[in-house]
Amino acid sequence: MKITVNGEARDLPAPATVDGLLADLGLEPRKIAVERNLEIVPKSAFGSTELNDGDRLEIVQFVGGG
Amino acid sequence: MTDDTFEIAGRKFSSRLIIGTGKYKDYAENAAAAEASGAEIVTVAVRRVNLTDRDKPMLVDYVSPEKYTYLPNTAGCFTAEDAIRTLRLAREAGGWDLVKLEVLSDQKTLYPDMAETLRAAELLIKEGFQVMVYCTDDPVYARKLEEAGCCAIMPLGAPIGSGLGIQNPVNIRLIVEQAKVPVLVDAGVGTASDAAIAMELGCDGVLLNTAIAEAKDPIRMARAMKHAVIAGREAYLAGRMGRKKYADPSSPLAGLI
């Protein structure tokens, strides 16, 4: 299936969860937050949230700022 | 002085200096400046994770959220919706609801859009956020933001990153006098005396970033800011002498030879 992560198109074998995607990307769930189709995905739901074709995800972190 | 703490949204802090974490050479310098400043709260931004370069250093590995209270901001947001979306993500990333709201109006001045800021504040407070709000130095809007339930009012001293100092001390004083929640000057501080002036006007604290990050020696300037905020606070509490039109000798006139 095709999804968009941080504005970039990605191909992902189905089925996939947010947890699985983060592991693929090498990201520690503790340090980030995920939005799926404009809705927050709570950290507690990373494992149970299945991704669908066409999903748009934003994965963000804290960076330096004023 | 040790018991001169201040409280934001029910949390007690002993340092009245909040510093930003932007514009530093690297996160290591940022961490050293934070340490030297004595700050207990640091502002942070929310941005996309870099998916191509995963070895990039992360802020949390240098400036620990266990040591500092992270205050996520909405820098770069120009609508209430953008700001709310950003802070919902920040709450999920950090796990707490104390946030800094700023809704800007244009790129050149980075001046806050107050109508949009007030609208965003109302929506965020309804969602349970504790909102410290960046605003103009307009006492009328400052009061509206406080009435909306903001937990701290943060008027600008001068435009963001300008280092021009406190341009309108009268308005800052008016805002301080009417407010029942903490007032912090946010933006415009260029050097230590600017921070001291803000505190002498009765502000509860100062939030700054560029003044430290763009100093030739950021660590030293961080230390200077720490002392300036303490000095300004002490001077405010001490109560300054009255201004006189003419000289008044400090040595006795009696017994002159």
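Predicted model: local features only at pLDDT ≥ 70, side-chain atom pairs only at ≥ 80, totals over all residues.
An unreviewed UniProt entry annotates B:K100 as "active site". Where does B:K100 sit in chain B? It is found in strand β6, residues 98-101. Buried or exposed? Its relative accessibility is 3%, and buried means under 20%, so B:K100 counts as buried.

Over to the strands of chain A. Strand β1, residues 2-5, pairs with strand β2, residues 8-11. The sense is antiparallel, over 4 bridges. A:V5 stands opposite A:E8. The hairpin has 2 residues between the strands, and A:N6 takes a positive phi near 50° there. β1(A) also runs parallel to strand β5, residues 56-64, with 2 bridges joining them. A:T4 has A:R56 as its bridge partner in β5(A).

Last, the cores. The largest nonpolar core has 73 residues. Among those with the most contacts inside it are B:I19, B:L101, B:L208 and B:M225. Helix α2 of chain B, residues 80-94, gives the most to this core: 7 residues. Another core lies apart from it, with 19 residues, including A:I3, A:I32, A:V41 and A:L57. Back to B:L208. Beyond four places in sequence, B:L208 touches B:L17, B:I18, B:I19, B:G20, B:V189 and B:M225.

Notes:
Residues numbered from 1 in each chain as written. Chains lettered and ligands numbered in written order. Heavy atoms only, no water. UniProt positions renumbered as here; feature names shortened; annotations may be inferred. Buried < 20%, exposed > 50% of the residue type's maximum accessible area, 1.4 Å probe, protein only. Pairing = 2+ DSSP bridges. Core = buried A, V, L, I, M, F, W, Y, C linked by side-chain atoms within 4.5 Å. Contact = heavy atoms within 4.5 Å.
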